[in-house]
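Colleague: I should like to learn how to read a model of this kind, feature by feature. May we begin with the structure itself?

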Amino acid sequence: MRRPNIAAIRRRLEAATPGVWKTGDRFGTGTLGSHVAVISGGLPPLELDPYRNGRNDAAFIAHAHQDVAVLLAELETALAIIDALADPDPCWYDHGGGCQAHGQGSDERCADARAQEFLLRHPGRR
Ligand SMILES: [Zn+2]
C-alpha cells in the first residue's frame, strides 16, 4: 500500500477557507446556484473562483473523498496498534503522582491511561 501523504492533506486543509462549511439548495434569501459550499457567519456563498480562495477550496473538496478514506484507514491502523500495546491493567499512582503499574513518571498522565481513554472513544474494538 502506498504511504499516505498526511502532510499534503494537511496543506489542503490549511489552504482552504476556514470556518464551518455547509451545503444546500438555499442559503438565507439567495439560492445556491453554481456554488457548492458556504461558510457560516453571514458570509455570502463561497464561490469556487480564483478571486476568493476558490482554487484552494476546490482542491480541498476534490480531494476530500480520498483524503477522508486515507485518514480513516490510518486511524484504524493506529487504533489497532494502540489496542495491541495498551495494558488493560488499571493505573495506580504513588505519592509523587507516578504510575507504578506502568512505570510512568509524574511529569504527565500515564500513557496507558490515555490510551485506554482513547480506545473508549472508539467502541467496538474490544
Ligand atoms: Zn498507568
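Colleague: Where does A86 lie?

Modeller: A86 lies in the loop between α2 and α3. Helices (H or I, at least four residues) and strands (E, at least two) are DSSP runs, numbered from the N terminus. This is a predicted model, in which local features need pLDDT of at least 70 and side-chain atom pairs count only at pLDDT 80 or more, while totals for chains, interfaces and linings use all residues. Residues are numbered from 1 along each chain as its sequence is written.

Colleague: What is the pattern of the protein chain along the sequence?

Modeller: The protein chain has 3 helices and 5 strands, and along the sequence these follow the pattern α-β-β-β-β-β-α-α.

Colleague: What does the protein chain average in pLDDT?

Modeller: The term pLDDT denotes the predictor's confidence in each residue, from 0 to 100. The protein chain averages 78, and 71% of the residues score at least 70. Where pLDDT is low, the predicted coordinates should not be read in detail.

Colleague: Does A86 count as buried, exposed or partly exposed, and why?

Modeller: A residue is buried if 20 or more other C-beta atoms lie within 10 Å of its own, exposed if 12 or fewer, and partly exposed in between, with C-beta atoms placed from the backbone. A86 counts as partly exposed because it has 17 C-beta neighbours inside 10 Å. Y93, in the loop between α2 and α3, is partly exposed because it has 15 such neighbours. I6, found in helix α1 (residues 6-15), is exposed because 12 other C-beta atoms lie within 10 Å. Of the 126 residues of the protein chain, 6% count as buried.

Colleague: With which residues is A86 in contact, leaving aside its neighbours within four places in sequence?

Modeller: Two residues are in contact if their C-beta atoms, placed from the backbone, lie within 7 Å. With neighbours within four places in sequence left aside, A86 is in contact with D112, A115, Q116 and L119. On the same terms, Y93 is in contact with G98, C99 and Q100. For the protein chain, residues 24 or more positions apart account for 34% of the contacts with a separation of 6 or more.

Colleague: Where is the kink in α2 centred?

Modeller: The bend at a residue is the angle between axes fitted to the seven residues ending there and the seven starting there. In α2 there is a kink of about 55°, centred on A64. The expected span of a helix is 1.5 Å times one less than its number of residues. With 32 residues, α2 reaches 44 Å from its first C-alpha to its last, close to the 46 Å expected.

Colleague: What is the place of N56, and with which residues is N56 in contact?

Modeller: N56 is in helix α2 (residues 54-85) and is partly exposed, because 18 other C-beta atoms lie within 10 Å. Beyond four places in sequence, N56 is in contact with A15 and A16. N56 and R11 are 45 residues apart in sequence and 9.7 Å apart in space, C-alpha to C-alpha.
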